[in-house]
Amino acid sequence: MRASQLLPALPGNPPRLGESTMKRAYFLVLPNVHVLDLAGPLQIVATLNELGLASVAVECIGPQARVRAFQGNWLAELRPLPQALVEGDVLFVIGSKLVEQTTRSPDWLAAAQWLKDVVGRAPDSVRICGVCTGSFLLAEAGLLDGRLCTTHHGFIDRLRRQYPRAHVMDKRVLVDDGRFLTSAGVTTGIDLALYLISEHFGSEVALRVARENVTHIRRFGNDPQLSATLRYREHENQFIHEVQDALNENLASDAGCEALAERFGLSYRHLARLFRSETGISLKQYQLELRIDLARRLIVESNLPLERLVERCGFGSMQAFRANWNKRETLSPSNFRRQRRLERAD
């Protein structure tokens, strides 16, 4: 089992994830579906098309064309379950109210059989996402046997008892086990969708989608596996989010943080104090983390000579770059490039 890392895209280029990226997103919907479990990730993925960031077909599917949600409203014009999933597809299995009416219904059994027969033989590149209690349906189909997973905190123990072959983790927003992503309850479906977008299209695209929907990539805290672009974003201050975006967009500039403060109409001391209070890191240290992170990506993704790379990342000199690089990495830039490319080739 492996937990994949987010690798943001270089400006203008999506990360390379083999030969495919997200081209179609299916949302599997059953009776007694929780509306927010569906609406959250559906809205996030649909925003890619709305903003012209990517072309991703979106389809809600199910054993029936019309279902009643647990909240009482009806959802209609669901499309039939596809006969196959192909490279570039992503499937979201949406959570439903786990009452006997749901779990013993013909729809539940039909969906579990479809997951076993169709999803079970889909290409490894197809990502399967369980939102909230959608994990139970994946487990019913045997797809979580031997895999790390999670679900809503109120159903963790039940998932463990009912499907002992699944390795259920608690106190997790989401769990990434290769092809399979599972999230905790309700609004964490939004986090899962943003995570997936970042993985396929880069962190800059995920941030634009998050801003459009007035939400932030913040639930993963300062997990060191995340890029600097995605860390330190768990605060609610929109002004500081704009400052962070401005820093990320102008790393090659030799203008210092004082010029940034002037751009936003504040004194440097005021901006630095506000930035630290919201993010827990200093303005200059955050800028440095962004530059080192960009250097890591350029080293792996490009063939730029080191001198040009250092300039692209905004370091004033090769000496400054090496001093900061050596504090964070044990390998030299050339050995780092060689090792990461070998890992990707495996």
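Contact, as used in these legends, means heavy atoms within 4.5 Å. The structure is a predicted model, in which local features need pLDDT of at least 70 and side-chain atom pairs count only at pLDDT 80 or more, while totals for chains, interfaces and linings use all residues. Residues are numbered from 1 along each chain as its sequence is written, and side-chain values use heavy atoms, with hydrogens and water left out.

**View A. Surroundings of leucine 48.** Leaving aside neighbours within four places in sequence, leucine 48 is in contact with Leu53, Ala54, Val56, Ile197, Phe201, Val205 and Val209.

**View B. The largest nonpolar core, with 35 residues.** A nonpolar core is a set of buried (under 20% relative accessible area, 1.4 Å probe, protein chains only) Ala, Val, Leu, Ile, Met, Phe, Trp, Tyr and Cys residues joined through side-chain atoms within 4.5 Å. The residues with the most contacts inside this core are Met22, Val45, Leu48, Val56, Phe92, Ile197 and Phe201. At least two residues of the core come from each of β1 (24–28), α1 (35–50), β5 (89–93), α6 (188–201) and α7 (203–212), and α6 gives the most, with eight residues.

**View C. Packing of helix α8 (residues 238–249) against helix α11 (residues 283–301).** The two helices, taken as DSSP runs of H or I with at least four residues, pack at an angle of about 45 degrees with their axes 10 Å apart. That makes α8 oblique to α11, since angles under 35 degrees count as roughly parallel, over 145 as roughly antiparallel, 65 to 115 as roughly perpendicular and the rest as oblique. Val243, Gln244, Leu247 and Asn248 of α8 make the contact with Leu283, Tyr286, Gln287 and Leu290 of α11.

Technical notes
Axes are lines fitted to C-alpha atoms, for helices over the stretch in contact, and angles run from 0 to 180 degrees between N-to-C directions. Buried means under 20% relative accessible area, exposed over 50%, partly exposed in between (1.4 Å probe, protein chains only).
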